[in-house]
Amino acid sequence: MPSNKKPPVKKSEANSASAAAKRKPSPINLVRGMRDILNPDWAYRDKIYAAAKALATDYEYDRIETPVMEETGLFLRGIGKMTDIVEKEMYSFETAGGDKVTLRPEGTAAVARAYIQHGMVNRPQPVKLWYWGDMYRHDRPQSGRYRQFTQFGCECVGDAAAVLDAQQAFLAWKTIEMVGVEAVVHINSIGTPECRVNYKNALVAYFRSKKHKLSEEDKKRLVKNPMRLLDSKDPGMDELKLEAPQIVDWLDEASKAHFMQVLEYLDEMGVPYQLDPYLVRGLDYYTKTVFEIYAVSEDPEASKLALGGGGRYDGLIETIGGNPTPACGFSIGVDRVVNRLKEIDPEAGAISDQRDVYVAQLGDQGRKKAFAIFEALRSGGIPPGASFSKDAIKTQMELANKRGAKWAIIVGQKEVLDGTAIIRDMDAGTQETVDSKKIVHEIKKKLKIAE
RNA sequence: GUGGCCAUGGUGUAAUGGUUAACACAUCGGGUUGUGGUCCCGGUAAUGAGGGUUCAAUUCCCUCUGGCCACCCCA
(Lines give C-alpha, C1' and ligand atoms only; values in the text may rest on other atoms or scores of the structure.)
Protein backbone atom coordinates (compact mmCIF):
# COMPACT_ATOMS: atom_id res chain seq x y z
CA MET A 1 0.00 0.00 0.00
CA PRO A 2 1.62 3.21 -1.06
CA SER A 3 -0.61 5.35 1.08
CA ASN A 4 -3.55 5.18 3.41
CA LYS A 5 -4.58 8.66 2.67
CA LYS A 6 -7.74 8.94 0.74
CA PRO A 7 -8.31 11.99 -1.36
CA PRO A 8 -10.74 14.28 0.41
CA VAL A 9 -14.24 13.88 -0.90
CA LYS A 10 -15.41 17.10 -2.37
CA LYS A 11 -18.64 18.38 -0.94
CA SER A 12 -20.20 18.87 -4.28
CA GLU A 13 -19.49 15.27 -5.20
CA ALA A 14 -20.91 13.96 -1.98
CA ASN A 15 -24.06 15.99 -2.38
CA SER A 16 -24.60 15.04 -5.94
CA ALA A 17 -24.06 11.33 -5.33
CA SER A 18 -27.72 10.53 -4.90
CA ALA A 19 -28.71 12.82 -7.72
CA ALA A 20 -26.14 11.17 -9.93
CA ALA A 21 -27.64 7.79 -9.20
CA LYS A 22 -30.95 8.96 -10.57
CA ARG A 23 -29.48 10.80 -13.50
CA LYS A 24 -29.05 8.99 -16.77
CA PRO A 25 -25.45 8.13 -17.49
CA SER A 26 -23.87 10.75 -19.67
CA PRO A 27 -24.00 9.77 -23.30
CA ILE A 28 -21.12 7.79 -24.66
CA ASN A 29 -19.72 9.67 -27.60
CA LEU A 30 -17.93 8.25 -30.53
CA VAL A 31 -14.20 8.61 -30.50
CA ARG A 32 -13.35 11.57 -32.64
CA GLY A 33 -13.23 10.95 -36.34
CA MET A 34 -14.86 7.54 -36.01
CA ARG A 35 -18.32 6.82 -37.29
CA ASP A 36 -20.89 4.12 -37.75
CA ILE A 37 -21.58 3.24 -41.32
CA LEU A 38 -25.30 2.75 -41.69
CA ASN A 39 -27.52 1.56 -44.38
CA PRO A 40 -27.78 4.12 -47.13
CA ASP A 41 -24.00 4.06 -47.36
CA TRP A 42 -23.79 0.34 -47.83
CA ALA A 43 -25.54 0.38 -51.17
CA TYR A 44 -22.82 2.70 -52.47
CA ARG A 45 -20.02 0.81 -50.80
CA ASP A 46 -21.21 -2.50 -52.18
CA LYS A 47 -21.32 -1.02 -55.64
CA ILE A 48 -17.75 0.22 -55.35
CA TYR A 49 -16.59 -3.03 -53.86
CA ALA A 50 -18.15 -5.01 -56.70
CA ALA A 51 -16.46 -2.83 -59.30
CA ALA A 52 -13.13 -2.94 -57.52
CA LYS A 53 -13.14 -6.67 -57.08
CA ALA A 54 -14.21 -7.36 -60.64
CA LEU A 55 -11.56 -5.07 -62.09
CA ALA A 56 -8.75 -6.34 -59.90
CA THR A 57 -9.67 -9.94 -60.59
CA ASP A 58 -10.02 -9.42 -64.34
CA TYR A 59 -6.64 -7.74 -64.43
CA GLU A 60 -5.17 -10.71 -62.57
CA TYR A 61 -4.50 -9.13 -59.23
CA ASP A 62 -4.41 -11.50 -56.27
CA ARG A 63 -6.20 -10.57 -53.11
CA ILE A 64 -4.21 -9.81 -50.00
CA GLU A 65 -5.25 -8.66 -46.59
CA THR A 66 -2.57 -7.46 -44.25
CA PRO A 67 -3.14 -6.78 -40.54
CA VAL A 68 -4.44 -3.40 -39.47
CA MET A 69 -1.39 -3.11 -37.25
CA GLU A 70 2.27 -3.21 -38.10
CA GLU A 71 5.52 -2.52 -36.36
CA THR A 72 5.90 1.23 -36.23
CA GLY A 73 9.30 0.96 -37.86
CA LEU A 74 7.74 -0.24 -41.10
CA PHE A 75 5.96 3.04 -41.63
CA LEU A 76 8.83 5.12 -40.31
CA ARG A 77 11.15 3.66 -42.88
CA GLY A 78 8.66 3.11 -45.65
CA ILE A 79 6.67 6.29 -45.68
CA GLY A 80 9.43 8.56 -44.50
CA LYS A 81 10.06 10.24 -41.16
CA MET A 82 9.64 13.71 -42.53
CA THR A 83 6.22 13.17 -44.02
CA ASP A 84 3.09 14.56 -42.41
CA ILE A 85 1.59 11.12 -42.15
CA VAL A 86 4.40 9.89 -39.98
CA GLU A 87 5.09 13.13 -38.16
CA LYS A 88 1.60 13.79 -36.91
CA GLU A 89 -1.02 11.42 -38.22
CA MET A 90 -0.10 7.97 -37.00
CA TYR A 91 -1.98 6.00 -34.39
CA SER A 92 1.12 4.65 -32.69
CA PHE A 93 1.30 3.05 -29.30
CA GLU A 94 3.15 0.54 -27.25
CA THR A 95 1.50 -2.76 -26.44
CA ALA A 96 1.45 -4.29 -22.99
CA GLY A 97 4.33 -6.46 -24.15
CA GLY A 98 6.36 -3.43 -25.12
CA ASP A 99 6.02 -3.68 -28.88
CA LYS A 100 5.83 -0.42 -30.75
CA VAL A 101 2.97 -0.73 -33.16
CA THR A 102 0.96 1.51 -35.47
CA LEU A 103 -2.46 1.26 -37.00
CA ARG A 104 -1.74 1.29 -40.71
CA PRO A 105 -2.10 4.75 -42.24
CA GLU A 106 -1.94 3.37 -45.78
CA GLY A 107 -1.66 0.05 -47.52
CA THR A 108 1.45 0.07 -49.65
CA ALA A 109 4.13 -0.36 -47.01
CA ALA A 110 2.41 -3.44 -45.60
CA VAL A 111 2.02 -5.03 -49.00
CA ALA A 112 5.68 -4.38 -49.70
CA ARG A 113 6.50 -5.99 -46.37
CA ALA A 114 4.40 -9.01 -47.27
CA TYR A 115 6.18 -9.28 -50.62
CA ILE A 116 9.47 -9.62 -48.84
CA GLN A 117 8.19 -11.81 -46.03
CA HIS A 118 6.55 -14.39 -48.25
CA GLY A 119 9.41 -14.59 -50.70
CA MET A 120 7.25 -13.35 -53.52
CA VAL A 121 10.41 -12.47 -55.35
CA ASN A 122 10.37 -16.15 -56.31
CA ARG A 123 7.00 -15.89 -57.98
CA PRO A 124 6.65 -14.88 -61.61
CA GLN A 125 7.16 -11.10 -61.71
CA PRO A 126 5.45 -8.76 -61.46
CA VAL A 127 3.49 -9.84 -58.42
CA LYS A 128 0.12 -8.14 -58.55
CA LEU A 129 -1.93 -7.73 -55.40
CA TRP A 130 -5.11 -5.93 -54.42
CA TYR A 131 -6.59 -5.08 -51.07
CA TRP A 132 -9.67 -3.52 -49.51
CA GLY A 133 -9.45 -2.40 -45.95
CA ASP A 134 -9.51 0.31 -43.35
CA MET A 135 -6.71 2.76 -42.76
CA TYR A 136 -6.17 5.03 -39.78
CA ARG A 137 -4.84 8.56 -39.64
CA HIS A 138 -4.99 10.88 -36.70
CA ASP A 139 -5.88 13.88 -38.80
CA ARG A 140 -8.35 16.60 -37.95
CA PRO A 141 -11.69 15.27 -39.20
CA GLN A 142 -13.65 17.05 -41.88
CA SER A 143 -16.14 15.90 -44.41
CA GLY A 144 -14.41 13.40 -46.66
CA ARG A 145 -11.71 13.01 -44.08
CA TYR A 146 -12.06 10.47 -41.33
CA ARG A 147 -9.67 8.89 -38.92
CA GLN A 148 -10.74 5.48 -40.04
CA PHE A 149 -11.42 5.18 -43.72
CA THR A 150 -11.58 2.48 -46.33
CA GLN A 151 -9.18 2.13 -49.19
CA PHE A 152 -9.19 -0.09 -52.20
CA GLY A 153 -5.76 -0.48 -53.73
CA CYS A 154 -3.57 -2.41 -56.10
CA GLU A 155 0.17 -2.92 -55.97
CA CYS A 156 2.27 -4.28 -58.77
CA VAL A 157 5.69 -5.33 -57.55
CA GLY A 158 8.80 -6.50 -59.37
CA ASP A 159 8.67 -4.80 -62.73
CA ALA A 160 9.75 -1.38 -63.95
CA ALA A 161 7.81 -1.23 -67.20
CA ALA A 162 5.98 2.01 -67.93
CA VAL A 163 2.92 0.11 -69.05
CA LEU A 164 2.40 -0.89 -65.44
CA ASP A 165 2.46 2.71 -64.22
CA ALA A 166 -0.18 3.40 -66.81
CA GLN A 167 -2.17 0.39 -65.68
CA GLN A 168 -2.27 1.71 -62.13
CA ALA A 169 -3.58 5.07 -63.22
CA PHE A 170 -6.01 3.34 -65.53
CA LEU A 171 -7.36 0.98 -62.87
CA ALA A 172 -7.72 3.78 -60.35
CA TRP A 173 -9.60 5.89 -62.84
CA LYS A 174 -11.63 2.99 -64.20
CA THR A 175 -12.86 1.87 -60.79
CA ILE A 176 -14.24 5.31 -60.16
CA GLU A 177 -15.62 5.64 -63.64
CA MET A 178 -17.30 2.23 -63.43
CA VAL A 179 -19.45 3.26 -60.50
CA GLY A 180 -20.60 6.34 -62.36
CA VAL A 181 -18.29 9.09 -61.18
CA GLU A 182 -16.67 11.19 -63.84
CA ALA A 183 -13.04 11.63 -62.96
CA VAL A 184 -9.74 12.88 -64.31
CA VAL A 185 -6.19 11.81 -63.61
CA HIS A 186 -3.69 14.46 -62.58
CA ILE A 187 -0.27 13.15 -63.40
CA ASN A 188 3.36 14.13 -63.08
CA SER A 189 6.78 12.59 -62.86
CA ILE A 190 9.12 13.34 -60.03
CA GLY A 191 11.97 11.29 -61.47
CA THR A 192 14.61 9.37 -59.59
CA PRO A 193 15.90 10.44 -56.19
CA GLU A 194 19.06 11.67 -57.92
CA CYS A 195 17.40 14.08 -60.29
CA ARG A 196 15.11 15.17 -57.54
CA VAL A 197 18.06 16.33 -55.46
CA ASN A 198 19.23 18.51 -58.31
CA TYR A 199 15.76 19.84 -58.87
CA LYS A 200 15.26 20.58 -55.21
CA ASN A 201 18.44 22.62 -55.18
CA ALA A 202 17.28 24.64 -58.14
CA LEU A 203 13.92 25.13 -56.54
CA VAL A 204 15.37 26.28 -53.24
CA ALA A 205 17.69 28.67 -55.06
CA TYR A 206 14.77 30.13 -56.95
CA PHE A 207 12.47 30.60 -54.00
CA ARG A 208 15.27 31.88 -51.82
CA SER A 209 15.66 34.73 -54.26
CA LYS A 210 11.96 35.47 -53.76
CA LYS A 211 11.98 34.85 -50.06
CA HIS A 212 10.56 38.26 -49.17
CA LYS A 213 7.39 37.35 -51.04
CA LEU A 214 6.81 34.08 -49.24
CA SER A 215 4.33 33.56 -46.44
CA GLU A 216 5.60 32.34 -43.08
CA GLU A 217 4.22 28.92 -43.77
CA ASP A 218 5.98 28.73 -47.11
CA LYS A 219 9.27 29.90 -45.62
CA LYS A 220 9.14 26.91 -43.33
CA ARG A 221 8.53 24.67 -46.29
CA LEU A 222 11.51 26.11 -48.07
CA VAL A 223 13.67 24.56 -45.41
CA LYS A 224 11.68 21.47 -44.59
CA ASN A 225 10.14 20.24 -47.77
CA PRO A 226 10.72 22.58 -50.68
CA MET A 227 8.77 20.46 -53.15
CA ARG A 228 5.64 21.17 -51.20
CA LEU A 229 5.98 24.84 -52.09
CA LEU A 230 4.54 23.90 -55.43
CA ASP A 231 1.13 23.06 -54.12
CA SER A 232 0.98 25.96 -51.71
CA LYS A 233 -2.46 27.53 -51.68
CA ASP A 234 -1.09 30.95 -50.94
CA PRO A 235 -2.52 33.23 -53.66
CA GLY A 236 0.73 35.10 -54.03
CA MET A 237 2.39 31.86 -55.02
CA ASP A 238 0.60 31.43 -58.31
CA GLU A 239 2.73 34.08 -59.90
CA LEU A 240 5.94 32.82 -58.37
CA LYS A 241 5.15 29.29 -59.42
CA LEU A 242 4.93 30.28 -63.08
CA GLU A 243 8.60 31.26 -63.09
CA ALA A 244 9.72 28.41 -60.87
CA PRO A 245 11.80 25.62 -62.29
CA GLN A 246 9.69 22.63 -63.23
CA ILE A 247 10.61 19.08 -62.41
CA VAL A 248 10.13 17.96 -66.00
CA ASP A 249 13.15 19.97 -67.04
CA TRP A 250 15.30 18.23 -64.48
CA LEU A 251 14.38 14.66 -65.26
CA ASP A 252 17.07 12.37 -66.54
CA GLU A 253 16.58 10.95 -70.01
CA ALA A 254 15.38 7.56 -68.77
CA SER A 255 12.75 9.07 -66.47
CA LYS A 256 11.61 11.41 -69.19
CA ALA A 257 11.26 8.58 -71.66
CA HIS A 258 9.47 6.49 -69.08
CA PHE A 259 7.01 9.27 -68.41
CA MET A 260 6.36 9.79 -72.10
CA GLN A 261 5.55 6.13 -72.44
CA VAL A 262 3.14 6.23 -69.52
CA LEU A 263 1.29 9.08 -71.16
CA GLU A 264 1.17 7.25 -74.47
CA TYR A 265 -0.49 4.28 -72.81
CA LEU A 266 -3.03 6.55 -71.15
CA ASP A 267 -3.78 8.13 -74.52
CA GLU A 268 -4.26 4.70 -75.99
CA MET A 269 -6.63 3.67 -73.19
CA GLY A 270 -8.62 6.88 -73.45
CA VAL A 271 -7.95 7.86 -69.85
CA PRO A 272 -8.64 11.55 -69.35
CA TYR A 273 -5.60 13.10 -67.75
CA GLN A 274 -3.94 16.41 -67.28
CA LEU A 275 -0.31 17.09 -66.66
CA ASP A 276 0.25 18.72 -63.34
CA PRO A 277 3.81 19.92 -62.94
CA TYR A 278 3.06 20.89 -59.35
CA LEU A 279 1.84 17.48 -58.25
CA VAL A 280 4.27 16.03 -55.76
CA ARG A 281 2.93 13.67 -53.12
CA GLY A 282 3.32 13.46 -49.43
CA LEU A 283 5.01 10.11 -49.24
CA ASP A 284 8.74 9.74 -49.59
CA TYR A 285 8.68 6.47 -51.43
CA TYR A 286 7.43 7.74 -54.76
CA THR A 287 9.70 7.78 -57.79
CA LYS A 288 8.95 8.74 -61.37
CA THR A 289 5.22 8.56 -61.96
CA VAL A 290 2.83 10.12 -59.45
CA PHE A 291 -0.86 10.71 -59.97
CA GLU A 292 -4.06 11.63 -58.21
CA ILE A 293 -7.65 11.18 -59.30
CA TYR A 294 -10.17 13.97 -58.96
CA ALA A 295 -13.89 14.07 -59.59
CA VAL A 296 -14.99 16.17 -62.52
CA SER A 297 -17.74 18.54 -61.43
CA GLU A 298 -19.14 22.02 -61.92
CA ASP A 299 -19.07 22.32 -58.19
CA PRO A 300 -15.54 23.24 -57.11
CA GLU A 301 -16.23 21.73 -53.68
CA ALA A 302 -16.85 18.32 -55.18
CA SER A 303 -13.53 18.18 -56.98
CA LYS A 304 -11.33 19.48 -54.23
CA LEU A 305 -10.44 16.25 -52.53
CA ALA A 306 -8.48 13.54 -54.27
CA LEU A 307 -10.53 10.41 -54.78
CA GLY A 308 -7.44 8.33 -55.17
CA GLY A 309 -3.77 8.45 -55.83
CA GLY A 310 -0.71 6.43 -56.55
CA GLY A 311 2.45 6.08 -58.54
CA ARG A 312 5.73 4.29 -58.79
CA TYR A 313 7.87 3.51 -55.77
CA ASP A 314 11.02 1.83 -56.97
CA GLY A 315 12.90 2.40 -53.74
CA LEU A 316 10.42 1.20 -51.17
CA ILE A 317 11.13 -2.53 -51.08
CA GLU A 318 14.81 -1.91 -50.59
CA THR A 319 14.18 0.75 -47.98
CA ILE A 320 12.29 -1.67 -45.80
CA GLY A 321 14.82 -4.45 -46.14
CA GLY A 322 14.30 -6.25 -49.42
CA ASN A 323 16.33 -6.35 -52.60
CA PRO A 324 16.08 -3.38 -54.91
CA THR A 325 12.71 -3.98 -56.54
CA PRO A 326 10.69 -1.70 -58.79
CA ALA A 327 6.98 -1.37 -58.04
CA CYS A 328 3.94 0.79 -58.53
CA GLY A 329 0.40 0.99 -57.24
CA PHE A 330 -2.55 3.10 -56.30
CA SER A 331 -5.28 3.40 -53.73
CA ILE A 332 -8.77 4.80 -53.79
CA GLY A 333 -10.58 6.50 -50.95
CA VAL A 334 -13.79 4.52 -50.85
CA ASP A 335 -15.53 6.93 -48.48
CA ARG A 336 -14.79 9.84 -50.75
CA VAL A 337 -16.16 8.04 -53.75
CA VAL A 338 -19.27 7.24 -51.69
CA ASN A 339 -19.68 10.93 -50.89
CA ARG A 340 -19.38 11.88 -54.50
CA LEU A 341 -21.79 9.13 -55.53
CA LYS A 342 -24.32 10.43 -53.04
CA GLU A 343 -24.16 13.86 -54.63
CA ILE A 344 -24.55 12.49 -58.12
CA ASP A 345 -27.20 9.91 -57.42
CA PRO A 346 -28.90 10.42 -54.05
CA GLU A 347 -31.55 7.83 -54.95
CA ALA A 348 -29.16 4.95 -55.46
CA GLY A 349 -28.76 4.49 -51.75
CA ALA A 350 -32.47 4.24 -51.10
CA ILE A 351 -33.11 0.75 -49.89
CA SER A 352 -36.44 -0.75 -50.64
CA ASP A 353 -38.23 -2.75 -48.00
CA GLN A 354 -40.89 -3.73 -50.51
CA ARG A 355 -42.00 -7.35 -50.31
CA ASP A 356 -44.47 -8.94 -52.68
CA VAL A 357 -45.71 -11.33 -50.04
CA TYR A 358 -46.41 -10.72 -46.38
CA VAL A 359 -47.03 -13.35 -43.74
CA ALA A 360 -49.48 -12.49 -40.96
CA GLN A 361 -50.57 -14.63 -38.05
CA LEU A 362 -53.09 -14.88 -35.27
CA GLY A 363 -52.51 -16.59 -31.98
CA ASP A 364 -49.65 -18.79 -30.83
CA GLN A 365 -50.52 -21.68 -33.11
CA GLY A 366 -50.75 -19.34 -36.05
CA ARG A 367 -47.43 -17.77 -35.18
CA LYS A 368 -45.65 -21.13 -35.24
CA LYS A 369 -47.17 -21.95 -38.58
CA ALA A 370 -46.35 -18.48 -39.94
CA PHE A 371 -42.72 -18.94 -39.00
CA ALA A 372 -42.64 -22.16 -41.04
CA ILE A 373 -44.45 -20.60 -43.97
CA PHE A 374 -42.02 -17.71 -44.00
CA GLU A 375 -39.09 -20.06 -44.31
CA ALA A 376 -40.82 -22.18 -46.97
CA LEU A 377 -41.33 -19.06 -49.06
CA ARG A 378 -37.86 -17.73 -48.42
CA SER A 379 -36.09 -20.93 -49.36
CA GLY A 380 -38.44 -21.15 -52.31
CA GLY A 381 -36.95 -17.92 -53.61
CA ILE A 382 -39.67 -15.54 -52.45
CA PRO A 383 -38.50 -13.80 -49.29
CA PRO A 384 -41.67 -12.45 -47.74
CA GLY A 385 -42.19 -9.76 -45.15
CA ALA A 386 -43.40 -10.61 -41.69
CA SER A 387 -43.77 -9.27 -38.20
CA PHE A 388 -43.92 -12.34 -36.00
CA SER A 389 -43.87 -10.37 -32.79
CA LYS A 390 -47.09 -8.53 -33.49
CA ASP A 391 -50.39 -9.81 -32.16
CA ALA A 392 -53.07 -7.65 -33.73
CA ILE A 393 -53.95 -8.70 -37.24
CA LYS A 394 -54.80 -5.11 -37.94
CA THR A 395 -51.30 -3.95 -37.25
CA GLN A 396 -49.92 -6.67 -39.45
CA MET A 397 -52.16 -5.72 -42.32
CA GLU A 398 -51.07 -2.14 -41.94
CA LEU A 399 -47.48 -3.22 -42.19
CA ALA A 400 -48.20 -5.46 -45.16
CA ASN A 401 -49.75 -2.51 -46.87
CA LYS A 402 -46.93 -0.17 -45.96
CA ARG A 403 -44.42 -2.64 -47.31
CA GLY A 404 -46.21 -2.76 -50.65
CA ALA A 405 -47.23 -6.41 -50.44
CA LYS A 406 -49.37 -7.73 -53.25
CA TRP A 407 -50.35 -10.83 -51.33
CA ALA A 408 -50.86 -11.41 -47.64
CA ILE A 409 -50.83 -14.88 -46.20
CA ILE A 410 -52.88 -15.18 -43.04
CA VAL A 411 -52.79 -18.12 -40.65
CA GLY A 412 -54.94 -18.20 -37.56
CA GLN A 413 -56.18 -20.81 -35.15
CA LYS A 414 -58.85 -22.01 -37.54
CA GLU A 415 -56.46 -22.36 -40.48
CA VAL A 416 -53.94 -24.25 -38.40
CA LEU A 417 -56.60 -26.79 -37.46
CA ASP A 418 -57.74 -27.12 -41.08
CA GLY A 419 -54.21 -27.28 -42.45
CA THR A 420 -54.93 -24.25 -44.63
CA ALA A 421 -53.95 -20.63 -44.99
CA ILE A 422 -55.61 -17.56 -46.41
CA ILE A 423 -54.09 -15.80 -49.37
CA ARG A 424 -55.36 -12.27 -49.59
CA ASP A 425 -55.10 -10.13 -52.69
CA MET A 426 -54.08 -6.79 -51.26
CA ASP A 427 -55.08 -4.79 -54.30
CA ALA A 428 -58.46 -6.40 -54.88
CA GLY A 429 -59.27 -6.99 -51.23
CA THR A 430 -60.40 -10.54 -52.00
CA GLN A 431 -59.07 -13.68 -50.40
CA GLU A 432 -59.11 -17.42 -50.76
CA THR A 433 -58.26 -20.35 -48.55
CA VAL A 434 -55.70 -22.83 -49.79
CA ASP A 435 -54.00 -25.98 -48.53
CA SER A 436 -51.08 -24.75 -46.44
CA LYS A 437 -48.74 -27.19 -48.18
CA LYS A 438 -49.45 -25.54 -51.48
CA ILE A 439 -48.75 -21.98 -50.47
CA VAL A 440 -45.38 -21.66 -52.13
CA HIS A 441 -46.80 -23.21 -55.26
CA GLU A 442 -49.84 -20.92 -55.25
CA ILE A 443 -47.80 -17.79 -54.63
CA LYS A 444 -45.40 -18.66 -57.40
CA LYS A 445 -48.36 -19.10 -59.72
CA LYS A 446 -49.73 -15.73 -58.72
CA LEU A 447 -46.37 -14.03 -59.13
CA LYS A 448 -45.94 -15.87 -62.42
CA ILE A 449 -42.71 -17.50 -61.33
CA ALA A 450 -41.88 -20.74 -63.09
CA GLU A 451 -41.15 -23.67 -60.81
C1' G B 1 -1.81 20.40 -34.94
C1' U B 2 -3.84 26.10 -35.83
C1' G B 3 -8.10 29.30 -36.73
C1' G B 4 -13.60 30.36 -37.73
C1' C B 5 -18.78 28.81 -37.25
C1' C B 6 -22.07 25.51 -34.73
C1' A B 7 -24.57 21.93 -30.92
C1' U B 8 -32.81 21.27 -28.73
C1' G B 9 -36.53 14.13 -28.90
C1' G B 10 -34.69 9.08 -33.88
C1' U B 11 -35.08 13.05 -38.03
C1' G B 12 -36.25 18.18 -39.50
C1' U B 13 -37.50 22.55 -37.04
C1' A B 14 -39.72 26.22 -33.03
C1' A B 15 -39.38 28.98 -28.40
C1' U B 16 -37.91 31.23 -23.78
C1' G B 17 -33.49 34.61 -18.14
C1' G B 18 -38.92 32.18 -14.63
C1' U B 19 -44.48 27.07 -13.83
C1' U B 20 -45.93 20.93 -17.88
C1' A B 21 -39.59 23.27 -23.83
C1' A B 22 -43.76 23.62 -28.97
C1' C B 23 -44.72 21.49 -34.01
C1' A B 24 -44.16 17.96 -38.06
C1' C B 25 -42.40 13.26 -39.58
C1' A B 26 -40.91 8.64 -37.61
C1' U B 27 -41.92 5.14 -33.61
C1' C B 28 -45.22 2.31 -30.06
C1' G B 29 -50.32 1.49 -28.54
C1' G B 30 -55.79 2.13 -28.90
C1' G B 31 -60.61 3.22 -31.77
C1' U B 32 -64.83 -3.80 -28.87
C1' U B 33 -63.39 -9.79 -29.54
C1' G B 34 -59.64 -12.55 -36.83
C1' U B 35 -58.17 -8.15 -41.77
C1' G B 36 -54.70 -2.78 -44.59
C1' G B 37 -54.40 2.03 -47.56
C1' U B 38 -57.97 7.70 -45.04
C1' C B 39 -59.31 9.43 -40.22
C1' C B 40 -59.42 10.04 -34.73
C1' C B 41 -57.16 9.41 -29.72
C1' G B 42 -53.08 8.40 -26.62
C1' G B 43 -47.80 6.82 -25.15
C1' U B 44 -42.28 6.95 -25.49
C1' A B 45 -38.68 10.51 -26.61
C1' A B 46 -34.58 16.39 -26.46
C1' U B 47 -31.78 21.43 -24.52
C1' G B 48 -23.83 17.33 -25.79
C1' A B 49 -20.70 17.28 -20.76
C1' G B 50 -18.81 20.09 -16.63
C1' G B 51 -18.29 24.62 -14.15
C1' G B 52 -19.68 29.93 -13.38
C1' U B 53 -23.03 34.53 -13.24
C1' U B 54 -28.20 34.85 -11.27
C1' C B 55 -33.40 34.40 -6.59
C1' A B 56 -33.92 31.61 -11.38
C1' A B 57 -30.13 29.36 -17.16
C1' U B 58 -31.91 25.45 -22.44
C1' U B 59 -31.18 30.89 -23.09
C1' C B 60 -25.49 34.88 -20.73
C1' C B 61 -19.95 33.55 -19.72
C1' C B 62 -15.83 29.84 -19.45
C1' U B 63 -13.77 24.91 -20.17
C1' C B 64 -14.24 20.26 -22.40
C1' U B 65 -16.34 17.05 -26.07
C1' G B 66 -18.18 16.51 -30.86
C1' G B 67 -19.59 18.32 -35.91
C1' C B 68 -18.81 21.47 -40.19
C1' C B 69 -15.48 24.85 -42.82
C1' A B 70 -10.52 26.89 -43.86
C1' C B 71 -5.27 25.91 -43.18
C1' C B 72 -1.87 21.73 -42.84
C1' C B 73 -2.08 17.41 -45.53
C1' C B 74 -4.28 13.62 -48.05
C1' A B 75 -7.85 9.01 -49.43
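Predicted model: local features only at pLDDT ≥ 70, side-chain atom pairs only at ≥ 80, totals over all residues.
Lys448 lies in the segment after helix H16 (439-446). This residue has 6 C-beta neighbours inside 10 Å, so Lys448 counts as exposed. Its phi is near 60°, a positive value in a residue other than glycine. Now turn to Lys288, which is found in strand S9 (residues 287-295). Here, too, phi is positive in a residue other than glycine, with a value near 55°. Is Lys288 buried or exposed? Lys288 is buried, because 26 other C-beta atoms lie within 10 Å.

The peptide bond leading from Gln125 to Pro126 is cis, and its omega is near -5°.

Next, look at how two helices meet. Helix H2 (residues 39-58) packs against helix H12 (residues 334-344) at an angle of about 115°, and their axes are 10 Å apart. The crossing of this pair, H2 and H12, is right-handed. On the H2 side, the contact is made by Asp41, Tyr44, Arg45 and Ile48, while H12 brings Val334, Val337, Val338, Leu341 and Lys342.

Our last stop is a sheet. Strands of a sheet pair through backbone hydrogen bonds, either parallel or antiparallel. In this case five strands form an open sheet with mixed pairing, and their order is S13-S12-S14-S15-S16. Which strands sit at the edges? They are strand S13 (385-386) and strand S16 (431-435), each of which pairs on one side only. Further in, strand S14 (residues 407-411) and strand S15 (residues 420-425) pair in the antiparallel sense over four bridges. To see this pairing residue by residue, find Ile410, which stands opposite Ile422 in S15.

Helices cover parts of this sheet. Helix H13 (residues 363-379) lies across strand S12 (357-361), S13, S14 and S15, and runs at about 165° to S12. Helix H14 (residues 393-402) lies across S12, S13 and S14, running at about 175° to S12.

How values were computed. Residues numbered from 1 in each chain as written. Chains lettered and ligands numbered in written order. Axes fitted to C-alpha atoms, helices over the stretch in contact; angles between N-to-C directions. Left-handed = near helix turned anticlockwise from the far one by under 90°. Contact = placed C-beta atoms within 7 Å. Pairing = 2+ DSSP bridges. Buried ≥ 20, exposed ≤ 12 C-beta atoms within 10 Å, placed from the backbone.
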